[in-house]
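Take a look at the protein below, and keep the 3D view open while you read. We'll go through some of its side chains together.

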Amino acid sequence: MTKFVHAVEGLSLWVGRAFGWCILILTLSVSYEVFVRYVLNAPTVWAFDMMVQMYGALFLMAGPYALAQDSHVRGDVVYRLFSVKWQARVDFLLYLLFFFPGILALFWYGWEIASDSWRYKEVSWNSPARIQIYFFKTLIPLAGGLLLLQGLAELVRCWNAMRTGVWMERLDDVRETEDMLMHMDDVSIPGITPSDK
């Protein structure tokens, strides 16, 4: 069970990190467009489409990563007061009732949208550059498939927690600064000592 969960999480983390490079491409294309538009007075016809596609790709492919890192927003005012077994029961039920139907719809209709886009080689309608967008529309069902896979791993994680009363450890990746400061004894940050906490 643990091997399956960590294999799926590893895939989600790898995909999230890979598509994280979209931020750099997005930043460079925006900076380039601002420079050529306002300094050289020579705006591009492709930069807007590039920005939209990079942001869309990042948004879609960050979903499985965020789910694998338990980074989605949760209204945990009451939830955090529950025991681990009850948290797992609530999560399991919510995944079945809300998560999977929505993600199945994303995958199903995303597949139709992407296949239609590939069939007529869709191009961007809001740009004179007529940039091809069917490659990027393929990310819709791909993100849905990865979310379904990560959702199955989350169900396994919930099932295990319902049985044992302990959450399985998640694969570690980046941590928020505030989390590192809360666990100052566990982490050493150059220039900051535990007494500065």
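What follows is a short tour of ring pairs, charges over rings, one glutamate and the cysteines.

First, some ground rules. This is a predicted model, where local features need pLDDT of at least 70, side-chain atom pairs count only at pLDDT 80 or more, and totals for chains, interfaces and linings use all residues. Residues are numbered from 1 along each chain as its sequence is written, and side-chain values use heavy atoms, with hydrogens and water left out.

The protein chain has a mean pLDDT of 86, and 89% of its residues reach 70 or more. Confidence is highest in helix H6 (residues 139-164), at a mean of 95, and lowest in helix H7 (residues 177-182), at 67. Helices here are DSSP runs (H or I, at least four residues), numbered from the N terminus.

Now for the rings. A pair of aromatic rings is described by the distance of the centres and the angle of the planes. Rings of Phe, Tyr and Trp (its six-membered ring) pair if their centres lie within 6.5 Å; planes under 30 degrees apart count as stacked, over 60 as edge-to-face and the rest as tilted. Searching the whole structure turns up 9 aromatic pairs. In one of them, Tyr 55 and Phe 59 have ring centres 6.3 Å apart and planes at 25 degrees, so they are stacked. Both sit in helix H3 (residues 47-68), 4 residues apart, which is about one turn of the helix.

Another pair is Trp 118 with Tyr 134, and this one is edge-to-face: 4.6 Å centre to centre, with 65 degrees between the planes. It links distant parts of the chain, as Trp 118 is in helix H4 (residues 84-119) and Tyr 134 is in helix H5 (residues 134-137), 16 residues apart. Elsewhere, ring pairs join Tyr 95, Phe 99 and Phe 100 into a cluster.

How open are the paired rings? Buried means under 20% relative accessible area, exposed over 50%, and partly exposed in between (1.4 Å probe, protein chains only).

| Residue | Relative accessible area | Class |
|---|---|---|
| Tyr 55 | 51% | exposed |
| Phe 59 | 58% | exposed |
| Trp 118 | 34% | partly exposed |
| Tyr 134 | 6% | buried |

A charge sits over a ring if NZ of Lys or CZ of Arg is within 6 Å of the ring centre and within 35 degrees of the ring normal. Lys 121 lies over the face of Tyr 134, 5.2 Å from the ring centre, while the charged end of Arg 89 sits over Trp 86, 4.8 Å from its ring centre.

Next, find Glu 33 in helix H2 (residues 22-38). Is Glu 33 buried or exposed? It's buried, with a relative accessible area of 7%. Leaving out residues up to four places away in sequence, Glu 33 touches Pro 43, Thr 44, Ala 47 and Met 51, where contact means heavy atoms within 4.5 Å.

Finally, the cysteines. A disulfide is counted when two cysteine sulfur atoms lie within 2.5 Å, and the count comes to 0 disulfides. Cys 22 is buried at 8% relative accessible area, and Cys 158 is buried at 1%.

Note on methods. Helix = DSSP H or I, 4+ residues; strand = E, 2+ residues; numbered from the N terminus. pLDDT = per-residue confidence, 0-100.
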